[in-house]
Each structure stands twice: as structure tokens, then as C-alpha cells.
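Here is a short report on one protein chain. Keep the sequence and the 3D view open as you read.

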Amino acid sequence: GTHRGAIWRMGLESYRDFPWLQKLFGYGPDTFGIVMVNEHYQEMTDLYREIFDSAHNEYLQYFITIGPLGLLSYLTLLISSGIRMVKRAGQNPYAMAILFALICYGVQAFVNINLPIATPVMWTLLMMGLAESREIETKGSVEEV
């Protein structure tokens, strides 16, 4: 298939060998391909005749490129947004539909990369879901929309 297991293994092996500062903050945004070429070029070309420039796992990609702190920040944003949508807009079918679309995106991110065509749609849906669950002030009191 697509050698995802090998890519994930090589990515984690590379991360294991990072200096402590890179283990904390990652190698740098969008540098997965550089890490693979620097650390595993021979293996990629000999065994698979390919150069892997993506982890094909959004979370692993972020873990290696922006570190565990960056990944944790990203996941905190997504999870807290989902919780807010459930708490504040639990009876709103539009917000729930958006939340389920975001959950689907999150699940597929385990075996895929963020794509320039799909990721902006995900962020737009996230903003729409949060807008559906916002609080508005009306004449001195706070109401939920």
C-alpha cells in the first residue's frame, strides 16, 4: 500500500534521536520531509523507491514538526471547541452536524495529512460551530444563541 507503518516507524525513530530542545518544540513546521531525507534516505530509496515527505498521520506530523507542546495546543483547541459546542449548542442540530463533521475530520487525520483543499473547510466549520454556540448580550443579560 502506502507504507504508512514504515513512515510512522521512521518518524518516531527520528524523533527519538532529536536533541531535547527539538523533542520539546519539534524540528520545525513542515519539515517532515527534511527529517526523513536526513535520517532515512537510504532506507526509503532502497526499500520503497520513494521519498516520504509526509507522515500520513496529521498528529504524528505535528508531533515531529512542532513538538508535543504544539500538538497538545492544537488538540486542546479542537477538543475544547468540541466541548463548547456540546455544552452550549447541544440542542442545535446545525452545531451538532458541524461537530460530527469535525469528528470525522479528526478520525481521518490518523491516516491522512492535512490537505490545502480540506483543512480550510475544517477551520471554517470549526468557526461556524463556535459561532452557533456563542453567547450574546441582550439588555444587560447574557443569552445563548
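Where is the place of Asp-30? Asp-30 sits in the loop between α2 (20-25) and α3 (32-48). Helices here are DSSP runs of H or I with at least four residues, strands are runs of E with at least two, and both are numbered from the N terminus.

Some ground rules come next. This is a predicted model, in which local features need pLDDT of at least 70, side-chain atom pairs count only at pLDDT 80 or more, and totals for chains, interfaces and linings use all residues. Residues are numbered from 1 along each chain as its sequence is written, and side-chain values use heavy atoms, with hydrogens and water left out.

**The whole chain**

The chain has 6 helices and 2 strands. From the N terminus, the order is α-α-α-α-α-α-β-β. Along its principal axes, the C-alpha trace spans about 65 × 35 × 20 Å. The chain has a radius of gyration of 19 Å, while a compact globule of 145 residues would have one near 15 Å. That radius is taken over C-alpha atoms, and the globule rule is 2.2 Å times the number of residues to the power 0.38.

Of the 145 residues, 36% count as buried. Buried means under 20% relative accessible area, exposed means over 50%, and partly exposed lies in between (1.4 Å probe, protein chains only). Now take contacts, meaning heavy atoms within 4.5 Å. Among those between residues at least 6 apart in sequence, 63% join residues at least 24 apart.

Asp-30 counts as exposed, at 68% relative accessibility. His-56 also is not a glycine and has a positive phi of about 55 degrees. His-56 lies in the loop between α3 and α4. At 23% relative accessibility, His-56 counts as partly exposed.

**How the helices pack**

Axes are lines fitted to C-alpha atoms, for helices over the stretch in contact, and angles run from 0 to 180 degrees between N-to-C directions.

| Helix pair | Axis separation | Angle |
|---|---|---|
| α1 and α4 | within 10 Å | roughly 15 degrees |
| α4 and α5 | 11 Å | about 160 degrees |
| α5 and α6 | 9 Å | about 145 degrees |

Start with α1 (residues 4-16) and α4 (residues 58-89). They are roughly parallel to each other. Angles under 35 degrees count as roughly parallel, over 145 as roughly antiparallel, 65 to 115 as roughly perpendicular and the rest as oblique. The crossing of α1 and α4 is left-handed. A crossing is left-handed if the near helix is turned anticlockwise from the far one by less than a right angle, and right-handed if clockwise. On α1, the contact uses Trp-8, Gly-11, Leu-12 and Tyr-15; on α4, it uses Leu-60, Phe-63, Ile-64 and Pro-68. By class, that gives 7 nonpolar, 1 polar and no charged residues. Ala, Val, Leu, Ile, Met, Phe, Trp, Tyr, Cys and Pro count as nonpolar, Asp, Glu, Lys and Arg as charged, and the others, Gly among them, as polar.

Next come α4 and α5, which are roughly antiparallel to each other. α4 passes α5 in a left-handed crossing. The α4 side of the contact includes Tyr-74, Gly-82 and Met-85, and the α5 side includes Ala-95, Leu-99 and Leu-102. This contact has 11 nonpolar, 2 polar and 1 charged residues.

Then follow α5 (residues 93-108) and its partner α6. α5 passes α6 in a left-handed crossing. Among the residues that meet are Tyr-94, Ile-98 and Tyr-105 in α5 and Met-122, Leu-126 and Glu-132 in α6. The residues of this contact divide into 10 nonpolar, 2 polar and 1 charged.

Is Met-85 buried or exposed? Met-85 is buried, with a relative accessible area of 0%. Met-85 belongs to helix α4. Leaving aside neighbours within four places in sequence, its contacts include Ala-95, Leu-102, Leu-126 and Leu-130. The C-alpha atoms of Met-85 and Arg-134 are 8.7 Å apart, though 49 residues separate them along the chain.

Leu-130 is found in helix α6 (residues 119-132). Leu-130 is partly exposed, with a relative accessible area of 24%. Not counting residues up to four places away in sequence, Leu-130 touches Ser-81, Arg-84 and Met-85. Its C-alpha atom is separated by 8.5 Å from that of Gly-82, 48 residues away along the chain.
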